[in-house]
Amino acid sequence: MTAGASFQGLFDREPDGRWAAPGRVNLIGEHVDYAQGLCLPFAIAEHTVVEAAARDDDRVRIRSLAEDGGFDGSLDGVGPGAPGAWAGYAVGVLWALRAAGHPVRGMDLLVTDSVPLGAGLSSSAALECSTALAVTDLFGLRLGRDALIPACIRAENEVVGAATGGMDQAASLLATTGHALLLDTRDGATRQVPFAPAGEGLALIVIDTRVRHHLADGQYGARRAAVEKAAAALGMPSLRDATLADLERLDPDLLPRARHVVTEIARVAETVALLDAGRPGDIGPLLDASHASLAVDYEVSCAELDLACAAAREAGALGARMTGGGFGGSAIALVAAERAEAMVAHVTSAFAKAGHTAPEIREAVPSAGAHRL
Ligand code: ADP
Ligand code: MG
């Protein structure tokens, strides 16, 4: 473990700067990014910080206070699958930016603070995005934030070999305080949508079930394939423009999957309309409907996520849903601020009664995107 180490102690020099990038929570719009749908993530206050210094050779040294190992080698040796472990998220960004023709050299990099790892809050994108900003500043790259997103996605898809659509990276780089980011995955267009629950006497609570189901990867591929098959059967490029009436032409095995996608995209649009109208307290039923659709039609929930949402509602939540890919990870609940504490206690005791591992529960506050410190 590198815990407790300092940049100076590890690399025998001072960093040139520090860069922070936040994790994210997806408010609504789940499992629709691969169907050219809409999603609505926001950046959270928890963030990853990298300290970095440029080098004038091609050597890259990477360490983290949160994980063992790291990387010490030439940028020339980086590519698909190499390096294999967590350092691929960071050095993969350097590799992708260099592959895109930008003048990137080596660097020394220490990850000091971190979004909680593997909790569904996107620590992976936070690591990529904080690194991408460091690289941009240290090598004077003339790149807007939009242009950094594909490099971060390439690092995760190709170097690490993990499937990711791009929502996490867009949220971490583009989100602003007091807003959610409406992301149209058909063309990558984004818009800031006002979302500041505290200002309305509300709290958005994240319940990490601490369940990490390993079958998630195969299931993700299967859902994605079903959605693509449904679009092809309808003769459409994606389900983005499909209507419920169109879906009647589908085989019964594809229908529920496609119905989730079509109804979820509509729920995102309705949520955005309510937020634009200054009515965040009215989005609860849409969160509930999203969960039901993910649980019943899409079958990506699990007992712990269902319990988290049900217990939150019993304790007065206005709405609750699983967030992220499913099969574990986190749920979110929107609740009146004065009821939040009692709700957390109720969810915690419901988990204990059911014999589940104690959940980790925190408030998520819509916060700023990546920035230099
Ligand atoms: P999530 O993005 O939801 O946290 P992922 O499985 O996508 O979950 O990414 C978590 C992985 O990202 C970790 O297992 C680790 O490999 C890497 N990672 C994230 N943050 C750090 C960090 N601060 N230091 C080292 N590795 C990290
Ligand atoms: Mg991730």
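Which residues are buried in α9? The model is predicted. In it, G284, L286, L287, S290, H291, S293, L294 and D297 of α9 are buried. An α-helix has 3.6 residues a turn, so residues three or four places apart point the same way.

The length of α9 was checked against its residue count. Helix α9 covers residues 284-297, 14 residues in total. Just after α9, E299 adopts a positive phi of about 50°.

Two helix pairs were then examined. Two packed helices are described by the angle between their axes and the distance between the axes. The crossing is right-handed. On the α10 side, the contact involves E304, L307, A308, A311, A312 and E314. M343, H346, V347, A350 and F351 meet them from α11. By class, this contact has 8 nonpolar, 1 polar and 2 charged residues.

The second pair is formed by helix α3 (residues 123-138) and helix α5 (residues 167-174). Their axes come within 9 Å and cross at roughly 50°. This angle makes α3 oblique to α5. The crossing of α3 and α5 is right-handed. Helix α3 contributes A125, A126, E128 and C129 to the contact. Helix α5 contributes D168, Q169, S172 and L173. These residues divide into 4 nonpolar, 2 polar and 2 charged.

Strand β12 (residues 360-363) contains I361. The relative accessibility of I361 is 23%, so I361 counts as partly exposed; the cut-off for a buried residue is under 20%. Leaving aside neighbours within four places in sequence, I361 is in contact with I205, V206, I207, V344, V347 and T348. Of these, V347 also belongs to the α11 side of the contact with α10. I361 and D208 are 153 residues apart in sequence. In space, their C-alpha atoms are 6.0 Å apart.

Note on methods:
Residues numbered from 1 in each chain as written. Chains lettered and ligands numbered in written order. Predicted model: local features only at pLDDT ≥ 70, side-chain atom pairs only at ≥ 80, totals over all residues. Heavy atoms only, no water. Helix = DSSP H or I, 4+ residues; strand = E, 2+ residues; numbered from the N terminus. Expected span 1.5 Å × (residues − 1). Buried < 20%, exposed > 50% of the residue type's maximum accessible area, 1.4 Å probe, protein only. Axes fitted to C-alpha atoms, helices over the stretch in contact; angles between N-to-C directions. Parallel < 35°, antiparallel > 145°, perpendicular 65-115°, else oblique. Left-handed = near helix turned anticlockwise from the far one by under 90°. Contact = heavy atoms within 4.5 Å. Nonpolar A, V, L, I, M, F, W, Y, C, P; charged D, E, K, R; others polar.
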